[in-house]
Amino acid sequence: MTFSDTFDGAVGSAVNSSKWSLETGDNVNNHERQYYTSGTNNAALDGQGHLVITAKKENPANYQCWYGTCQYTSARMNTSGKFSAQYGHVEARMKVPRGQGMWPAFWMLGTDIGSVGWPNSGEIDVMENVGFEPSTIHGTLHGPGYSGSAGIGAGYTLSNGQAFADAFHTFAVDWAPNSIKWSVDGVVYQTRTPADVGGNTWAFNKPFFLILNLAVGGYWSGDPNSSTAFPAQLVVDSVSVTTGDTATGVAIKGLAGKCADVTGANSANGTPVQLYDCNGSAAQQWTVGSDGTIRALGKCLDVTGGATADGTTTQLYDCNGSAAQRWAVSSANDIVNPQADKCLDVTGNNSANGTRLQIWTCSGGANQKWTIG
């Protein structure tokens, strides 16, 4: 488990500052009504293993918001600069507040947001709930060409009129190269791939950081009304991220629909990696880790000798952390060795079984295109 917070600590104590930073201020972009504060006024441990984010109808410090004097306070926190992940199982067990105008969320932003801005950074909403839909949560992707109200996602609705505010639920994504699956309490309710983003850039094959917040009001949720009870609380039992093996047991398919394959299912160092008819064998079961490795049979996809020249073959080898074993999966379905700045390539564009895989200058050719999963 790469990241875990179970929010153990004395009642009234602050969230762990080695894991989370509290954001402050208002949010004009969504026309939210709250002012996010620092300290423990709106975010504190309850002494029973929970983080409680509390939205209050108050303004003791005369905070100013985009619409004038703020009417509410709440909290928003993130792991930027402290923790980020690229791929994995990301989950939070939470109980959401109830009431018109409540907008709790557990979500992620690309770590490059400071340089590329939003929505180019990408945004993965693991869970959002708006108070006027007490039985439904939403999971959504935002990226260039599909942001805001054009985000791509789906909802999940509890049966028999149950409300999410009635009990704790576990909200998660299983995130792999070119694939994100959303679940509630272990039930997968949607899967998204680059095919879903309408020809736009898939902005999710890179590191993201985590965010927890409870907004009050906004374009989507609408403002609180006379029926909304304050204080309102988002109670978080745990947040965890497990990386490395999310894509366990998936094929890497390439030219002519054939698979990346370890020759003879032989785990010896130096075994060639080749193209072969997909057959579901262990020799074709690959995991794509957040550390940049691509693994099968307990070993790593490796550029022979750590070379960077066109035509250098690939092999299976003991995982050693070297640059020869680092790979990046691009939104264009390339698998790139960053050290060489070259693509995983089917030698000679030959789709015959047994054709060796190599690295070659990226050309956009069909023999360099791969689908994972």
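## Close-up views of a predicted model

**View A. Cys259 and Cys278 form a disulfide, with their sulfur atoms 2.0 Å apart.** The model shown here and in the other views is predicted. A disulfide is a covalent bond between the sulfur atoms of two cysteines. The torsion about the S-S bond of Cys259 and Cys278 is about 100 degrees, so this disulfide is right-handed. Cys259 lies in strand S21 (residues 259–262), while Cys278 sits in the loop between strand S22 (271–276) and strand S23 (287–288), so the bond ties together parts that are 19 residues apart in sequence. Cys259 has 0% relative accessibility and counts as buried, because buried means under 20%. Cys278, at 34%, counts as partly exposed.

**View B. A disulfide joins Cys300 to Cys319, with an S to S distance of 2.1 Å.** About the S-S bond of Cys300 and Cys319 the torsion is about 105 degrees, so the disulfide is right-handed. Strand S25 (residues 299–303) holds Cys300, and the loop between strand S26 (314–317) and strand S27 (328–329) holds Cys319, so the pair links parts that are 19 residues apart in sequence. Cys300 is buried, at 0% relative accessibility. Cys319 is partly exposed, with a relative accessible area of 30%.

**View C. Cys343 and Cys362 are joined by a disulfide, S to S 2.1 Å.** The torsion about the S-S bond of Cys343 and Cys362 is about 100 degrees, which makes the disulfide right-handed. Cys343 belongs to strand S29 (residues 342–346), and Cys362 to the loop between strand S30 (357–360) and strand S31 (371–372), so the pair ties together parts that are 19 residues apart in sequence. With 0% relative accessibility, Cys343 counts as buried. Cys362 has a relative accessible area of 35% and is partly exposed. The count for the protein comes to four disulfides. With bonded cysteines counted along the chain, these disulfides follow the pattern 1-2, 3-4, 5-6, 7-8.

**View D. The largest pocket holds about 740 Å³ of space.** The lining of this pocket is made of 27 residues, and Asn30, Trp103, Trp118, Glu123 and His142 lie nearest its centre. Five strands each supply at least two residues of the lining: strand S11 (102–110), strand S12 (123–128), strand S13 (136–142), strand S14 (152–157) and strand S18 (208–216). By class, the lining has 10 nonpolar, 12 polar and five charged residues.

**View E. The largest nonpolar core has 80 residues.** Ile124, Phe204, Leu212 and Val239 are the residues with the most contacts inside this core. Leaving aside its neighbours within four places in sequence, Val239 is in contact with Phe3, Ser4, Asp5, Phe7, Trp20, Glu91, Ala92, Phe106, Leu210 and Leu212. Another core, of five residues, lies apart from the largest one; among its members are Ala105, Trp107, Leu109 and Ile211.

**View F. The peptide bonds from Trp118 to Pro119 and from Phe230 to Pro231 are cis.** Most residues other than glycine have a negative phi, and most peptide bonds are trans. The bond from Trp118 to Pro119 has omega near 10 degrees. Pro119 is found in the loop between helix H1 (113–116) and S12. For the bond from Phe230 to Pro231, omega is near -5 degrees. Pro231 has its place in the loop between S18 and strand S19 (232–242).

View G. Asp341 is in the loop between strand S28 (335–337) and S29. This residue, Asp341, is exposed, with a relative accessible area of 57%, because exposed means over 50%. Asn349 lies in the loop between S29 and S30. With a relative accessible area of 46%, Asn349 is partly exposed. S29 is also the strand that holds Cys343 of View C.

Technical notes
Residues numbered from 1 in each chain as written. Predicted model: local features only at pLDDT ≥ 70, side-chain atom pairs only at ≥ 80, totals over all residues. Heavy atoms only, no water. Disulfide = S-S within 2.5 Å. Helix = DSSP H or I, 4+ residues; strand = E, 2+ residues; numbered from the N terminus. Buried < 20%, exposed > 50% of the residue type's maximum accessible area, 1.4 Å probe, protein only. 1 Å grid on protein atoms, 1.4 Å probe; cavity = no way out; pocket = protein on both sides within 12 Å on 5 of 7 lines; lining within 4 Å. Points joined across faces, edges and corners; volume = space filled by probe spheres on them. Nonpolar A, V, L, I, M, F, W, Y, C, P; charged D, E, K, R; others polar. Core = buried A, V, L, I, M, F, W, Y, C linked by side-chain atoms within 4.5 Å. Contact = heavy atoms within 4.5 Å.
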